[in-house]
Amino acid sequence: MPFHSSWSQRQISVMMLGAVAPNPTKYFFCLADSSTLTETSTAAAFFAAELPIGINGYSRKYVAFTGPSIYDNATKTAMIPLQTITWTPVGGSLQFQTVFLVADGAATGAVGSIVMLNIEPQVTLRLAGQPYQVEYSVSQK
């Protein structure tokens, strides 16, 4: 998943300029019904396209980053170990094109910073009872 442009700027501000780091207990994965979101779209655009929370079982998925980060000498990459997130629709379907990660977010509401996003190559549709899984590892070269 590519990092959002504002996240890259925030990383530098935190590491080099003393800006406040994101709260590690407020990361959430979200789904959006849009294929037009990009690494430079505003946070408001992401939240406007997000699936309606509470409809057909959709909710933001809390992410707890665990374990130490590791460094892979072969790829010259620092990473946090792979994790899996699953959404399973209830009572109806979920249709979306974009998965995105929010920092300093909440279970509901348009708050937080966009960290990274992944746009599926085509519309993804999951009917009630059909799970959708995302496996991710946060990494940086």
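The reply that follows treats the sheet, then the core, then the pairs of charged side chains.

Reply: The model is predicted, so local features need pLDDT of at least 70 and side-chain atom pairs pLDDT 80 or more, while totals for chains, interfaces and linings use all residues. Residues are numbered from 1 along each chain as its sequence is written, and side-chain values use heavy atoms, with hydrogens and water left out.

An open sheet is formed by 4 strands in the order 2-1-6-7, with antiparallel pairing. Its edges are strand 2 (61-63) and strand 7, and each of these has a single partner strand, so one side of each is left without a neighbour in the sheet. From one strand to the next, the twist averages 25 degrees. Helix 1 (residues 5-17) packs on the sheet, where it touches strand 1, strand 6 and strand 7, and its direction makes about 155 degrees with that of strand 7. Some terms need their cut-offs here. Helices (H or I, at least four residues) and strands (E, at least two) are DSSP runs, numbered from the N terminus; two strands pair if DSSP finds at least two bridges between them. Axes are lines fitted to C-alpha atoms, for helices over the stretch in contact, with angles from 0 to 180 degrees between N-to-C directions.

Within this sheet, strand 6 and strand 7 run antiparallel and are joined by 9 bridges. Val 99, for example, stands opposite Asn 118 in strand 7. Strand 7 also holds Glu 120. The C-alpha atoms of Glu 120 and Thr 98 lie 6.1 Å apart in space, although 22 residues separate the two in sequence. When residues up to four places away in sequence are not counted, Glu 120 touches Gln 97 and Tyr 132; contact means heavy atoms within 4.5 Å.

Tyr 132 belongs to the covered face of strand 8, together with Val 134 and Tyr 136, whereas Gln 133 and Glu 135 make up the uncovered face. Strand 8 pairs with strand 5 in the antiparallel sense, over 5 bridges. Across this pairing, Trp 87 stands opposite Tyr 132, and Thr 86 stands opposite Gln 133. Strand 5 has a covered face of Gln 83, Ile 85 and Trp 87, and an uncovered face of Thr 84 and Thr 86. In a regular strand, side chains alternate between the two faces of the sheet.

The next subject is the nonpolar core, a set of buried Ala, Val, Leu, Ile, Met, Phe, Trp, Tyr and Cys residues joined through side-chain atoms within 4.5 Å. Buried means under 20% relative accessible area, exposed over 50%, and partly exposed in between (1.4 Å probe, protein chains only). The largest such core has 31 residues, of which Phe 29, Leu 31, Trp 87, Phe 100 and Val 115 touch the most other members. Two or more residues come from each of strand 1 (27-32), helix 2 (43-49), strand 5 (83-87), strand 6 (94-103), strand 7 (113-126) and strand 8 (132-136). The most, 7 residues, come from strand 6. Leaving aside neighbours within four places in sequence, Phe 100 has contacts that include Phe 29, Leu 31, Phe 46, Glu 50 and Met 116.

Phe 46 is also touched by Ser 41, as are His 4 and Thr 36, not counting residues up to four places away in sequence. Ser 41 lies in the loop between strand 1 and helix 2, and it counts as buried because its relative accessibility is 13%. A polar atom of the Ser 41 side chain lies 2.8 Å from the backbone nitrogen of Thr 38.

Finally, the structure holds 2 salt bridges, a salt bridge being a side-chain nitrogen of Lys or Arg within 4 Å of a carboxyl oxygen of Asp or Glu. One joins the side chains of Glu 50 and Arg 60 (2.7 Å, N to O). Asp 104 counts as partly exposed because its relative accessibility is 25%. Besides Asp 104, Arg 10 touches Val 20, Ala 21, Pro 22 and Ser 113, not counting residues up to four places away in sequence.

Terms used: A polar contact is a pair of N or O atoms within 3.5 Å; within protein, one must be able to donate a hydrogen and the other to accept it, and residues adjacent in sequence count only if both atoms are side-chain atoms.
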